[in-house]
Amino acid sequence: MNLTLKIWRQKDSKTKGQMVDYKVTDISEHMSFLEMMDVLNEQLINTGEEPVAFDHDCREGICGMCSMYINGEAHGPDRGVTTCQLHMRMFKDGDTITIEPFRAKAFPVIKDLVVDRSSFDRIQHAGGYISVNTSGNTQDANATPISKHDADEAMDAATCIGCGACVATCKNSSAMLFVGAKVSQYALLPQGQVEATDRVKNMVAQMDLEGFGNCSNTGACEIECPKGISLENIARMNRELLKATFKS
Amino acid sequence: MSKFFTSSIGRKYAMALSALFLMFFLLQHFAINILSVFSPNAFNEASHFMGTFWVIQYVMQPILIFGVMYHFIMGFILEIKNRNARVVKYAKNNGSANSSWMSRNMIYSGLAILGFLVLHFIDFWIPEINTKYIQGDMSGLLADGEGYRYYEELTHKFVNPLRVGAYVLAFVFLSLHLMHGFSSAFQSSGVSSMRKEKLQAFGKAYAIIIPLGFILIALFHHFNH
């Protein structure tokens with residue numbers, strides 16, 4: 001298929017960017033979206049132009065690196081997939097595809113489609129862990145019984161890959177689905193209880209400090225999340241913060 | 001605790017609490033207004049009670065005014081903060097693919113409701129305050145002393161078709177606001193999804209029935225007088 005691509009080009013974080021049009025031809029519908037971008041970049045390199053910078057790593061939908069806003073949706077029009085798993089069969093011959101970086105003040109553009117998501121790392125550093133010495137004295141996994149329901153919910157929350165699609169798609173650039181998932185995965189397990197109060201307070205404080213917007217419960221993040229992280233995690237985070245406030 | 005209410009989640013809780021209070025107020029307002037359709041006397045009695053009982057006037061009314069002001073002011077503050085959280089807008093954004101129109105446009109339905117409240121205050125609240133607390137007439141009686149004035153005042157306000165049109169339009173916006181606002185208030189309060197599913201059906205019914213009821217009351221008085 002032949003396509004017209006409208007891509008955000010930005011030299012660096014200080015330079016103003018703009019949308020630039022490109023044509024790509026003979027794209028197979030079996031290609032992934034990133035493979036299509038590879039074809040474009042080879043074409044650009046062959047003509048002496050600067051290739052389009054974009055984030056990618058595992059290309060298996062696990063690492064959370066790819067981050068494009070395609071035709072007005074984070075990770076494109078398919079559901080439950082990252083950009084690397086988005087296939088060209090989702091588009092038609094002759095289509096014009098708009099490709100932009102994930103946009104949020106807390107995700108500044110580094111170059112073209114690459115954004116700085118280290119704000120997520122700083123939120124994680126604020127409390128998204130448990131302090132356990134695992135050097136040789138690891139407890140037996142079955143020593144502490146955990147209900148099936150809680151284990152499943154914690155596992156669902158833990159599948160968040162931190163790609164930032166929730167922030168990108170939220171009209172308010174809110175990071176509450178991400179933080180909600182990270183808080184929930186520990187809040188549901190006994191191992192997470194020891195630091196639960198500090199965790200939620202510190203993570204929410206860091207989230208606010210990073211300049212993310214406020215959640216207004218549109219539910220767009222849940223729909224666009226490639227891992228299907230539920231809004232329930234935001235409700236749980238809210239409960240956890242209220243509980244932590246009263247405890248302290 | 002002060003840190004909690006200045007955090008993003010604390011503000012969500014406060015918005016949700018003020019919204020729940022306003023929804024409760026709306027329900028009791030509707031319960032009294034609907035009396036005007038069936039029994040002018042019952043409407044007059046209820047209105048006089050609400051207008052003169054000290055708990056309503058000096059405790060509930062200030063709380064209501066605070067709740068309304070807080071909800072609007074915080075709504076605007078959050079909207080500004082949220083807009084600032086994305087400096088460069090998307091060239092193409094397909095919001096309808098993942099969220100409802102109501103949820104994305106709460107600020108506009110809220111602005112329409114604010115406009116209506118200004119009209120409503122001019123129509124009812126300011127004259128009421130003037131009569132009771134400036135002129136000092138707490139009797140609630142008509143100028144000729146023949147019965148209560150509340151029903152007469154209500155029906156008089158709904159003579160003008162432009163005012164009735166404005167009321168109908170405002171309640172359409174209120175319905176749109178509640179369509180998202182009801183379930184959103186419970187989500188913000190941390191209510192679990194299992195309970196929320198049950199509440200959602202109730203919320204949708206509330207968002208349709210209450211505004212529709214207010215519209216029908218306005219139309220009833222317009223066409224009957």
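How are α6(A) and α8(A) oriented to each other? In this predicted model, where local features need pLDDT of at least 70, side-chain atom pairs count only at pLDDT 80 or more, and totals for chains, interfaces and linings use all residues, the axes of helix α6 (residues 196–209) of chain A and helix α8 (residues 232–247) of chain A come within 9 Å and cross at roughly 115 degrees. α6(A) and α8(A) are therefore roughly perpendicular to each other, the classes being roughly parallel under 35 degrees, roughly antiparallel over 145, roughly perpendicular from 65 to 115, and oblique for the rest. Residues are numbered from 1 along each chain as its sequence is written, and chains are lettered from A and ligands numbered from 1 in the order in which they are written. Helices (H or I, at least four residues) and strands (E, at least two) are DSSP runs numbered from the N terminus, while axes are lines fitted to C-alpha atoms, for helices over the stretch in contact, with angles running from 0 to 180 degrees between N-to-C directions.

The crossing of α6(A) and α8(A) is left-handed, that is, the near helix is turned anticlockwise from the far one by less than a right angle, clockwise being right-handed. On the α6(A) side the contact is made by A:Ala196, A:Thr197, A:Val200, A:Lys201 and A:Val204, and on the α8(A) side by A:Met237, A:Glu240, A:Leu241, A:Ala244 and A:Lys247, where contact requires C-beta atoms, placed from the backbone, within 7 Å. This contact has six nonpolar, one polar and three charged residues (Ala, Val, Leu, Ile, Met, Phe, Trp, Tyr, Cys and Pro count as nonpolar, Asp, Glu, Lys and Arg as charged, and the others, Gly among them, as polar).

α8(A) also packs against helix α5 (residues 176–187) of chain A, at an angle of about 70 degrees and with the axes 8 Å apart, and these two helices are therefore roughly perpendicular as well. α5(A) passes α8(A) in a left-handed crossing, and the residues in contact include A:Val183 of α5(A) and A:Met237 of α8(A). By class, the contact of α5(A) with α8(A) has eight nonpolar, three polar and two charged residues.

Returning to α6(A), its buried residues are A:Arg199, A:Val200, A:Lys201, A:Met203, A:Val204, A:Gln206 and A:Met207 (buried means 20 or more other C-beta atoms within 10 Å, exposed 12 or fewer, and partly exposed in between, with C-beta atoms placed from the backbone). What covers these buried residues of α6(A) includes α2 (118–125), α5 and α8 of chain A together with α2 of chain B. After α6(A) comes A:Gly211, whose phi is positive, near 90 degrees.

In the segment after α8 of chain A lies A:Ser248, which is exposed, with 11 other C-beta atoms within 10 Å. A:Ser248 is 50 residues from A:Asp198 in sequence, yet their C-alpha atoms are 9.3 Å apart in space.

Chain B has ten helices and zero strands, and 26% of its 225 residues count as buried. Between the chains, 35 residues of chain B are in contact with 39 residues of chain A. The elements of chain B that give two or more residues to this side are α2 (8–33), α5 (54–84), α6 (101–104) and α9 (161–188), and the largest share, five residues, comes from α2(B). The residues of this side of chain B divide into 13 nonpolar, 16 polar and six charged.

Terms used
Contact = placed C-beta atoms within 7 Å.
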